[in-house]
Amino acid sequence: MFTGLSAFPLTPLANDAVDESAFAGLIRRLAAAQVDSITALGSTGSYAYLSTEERRRVAHLAVEHAGDVPVFVGIGALRTSQVLTHLEHAQQAGAAAVLLAPMSYQPLTDDDVVGLFDTVTAHSSVPVIVYDNPGTTHVTFSTELYGRIGQLTGIASLKIPGVPADPQQARARVREIRAVVPAHVSIGISGDATAAAGLSAGCDAWYSVLAGTLPDPALRIARAALAGRAEEAVAASDRLAPLWELFGEFGSLRVVAAVAEQLDLVPRACLPLPLQGLDEGQRDRVARVVDDLGLDDQP
């Protein structure tokens, strides 16, 4: 389950409540596109902004509408007791695995992080994906920390930040991580702009923001890279350079929300306040990129 393309959909809101119909539509769209897995309640899914009940409901909706596609569910929270509650709800919903980001307000030590994963894996009946996203969680993983957590029973995959663009440096980084974790633990790249480089360098999976809204262009990159067609994958990624530039300028969440709103997949102003999304001028720029790249022609 922990190879290929995992799509991270938005959790759209309307009037400060989860828009269940729009969310179910996003999940059905991903299942129809035949992504390899769907990860609900990742950072793109705004998990940190949702109540326990909202997260429980979203997990059930994701599994209900995903068909045969495996669903992974994010369970990150500030307190271990809260994480365990989200774990229980994800398992009750039928999640195939859970995604755990160690969140921080007070700085966490490596021992704190290892202790969290040790507790969760001891309580989990499904595999656990390690979510390394320092930009949102303010927790930074060292290679040594990957190694310590990777040895825990139940750890199935690492979601790592982007790799260097240089192919040799990218391969060296993936080899460095591979050397400290068991062979059964897959390595998944995030940072969509470097996904082609990461997959071509030996990563097993792409945990993708883009795929949650636009699965087809992401699938083209992933399928080519994982089949060993590195040049084709890089070319397909380079074609999306204007979109990657917007990701870098405004953040991937705000950009994909604007794309999804433009394509009428979700309601306007779908992000949880105080996140206000892009202004009209920025939305116009996104719309031009979507039109120029033909992304509005995706099914």
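This is a predicted model: local features need pLDDT of at least 70, side-chain atom pairs count only at pLDDT 80 or more; totals for chains, interfaces and linings use all residues.
Which helix or strand supplies the largest share of the lining of the second largest pocket? H12 does, with four residues.

Residues are numbered from 1 along each chain as its sequence is written, and side-chain values use heavy atoms, without hydrogens and water.

Helices (H or I, at least four residues) and strands (E, at least two) are DSSP runs, numbered from the N terminus. Strand E6 spans residues 97–100. In a regular strand the side chains alternate between the two faces of the sheet. In E6, Ala 97 and Leu 99 lie on one side, and Val 98 and Leu 100 on the other. All four are buried, that is, under 20% relative accessible area with a 1.4 Å probe, protein chains only.

E6 pairs with two strands; pairing requires that DSSP finds at least two bridges. Strand E5 (residues 71–74) runs parallel to E6, over three bridges. Val 73 has Val 98 as its bridge partner in E6. Strand E7 (residues 128–131) is also parallel to E6, again with three bridges. Here Val 98 stands opposite Val 128.

E5, helix H3 (residues 80–93) and E6 make a right-handed β-α-β unit. E6, helix H4 (residues 110–123) and E7 make another right-handed unit. Right-handed means that, with the strands pointing away from the viewer, the path from the first strand over the helix to the second runs clockwise.

**Two pockets**

A pocket is an open set of points on a 1 Å grid over the protein atoms alone, where a 1.4 Å probe fits, with protein on both sides within 12 Å along at least five of seven lines; lining residues have an atom within 4 Å of a point. Volume is the space filled by probe spheres set on the points, which are joined across faces, edges and corners.

| Pocket | Volume | Lining |
|---|---|---|
| Largest | About 800 Å³ | 34 residues |

In the largest pocket, Ser 43, Tyr 131, Asn 133, Thr 136 and Ser 252 lie nearest the centre. Helix H5 (134–137), strand E10 (205–208), helix H11 (241–250) and helix H12 (252–262) each supply at least two lining residues.

Methods
Buried means under 20% relative accessible area, exposed over 50%, partly exposed in between (1.4 Å probe, protein chains only).
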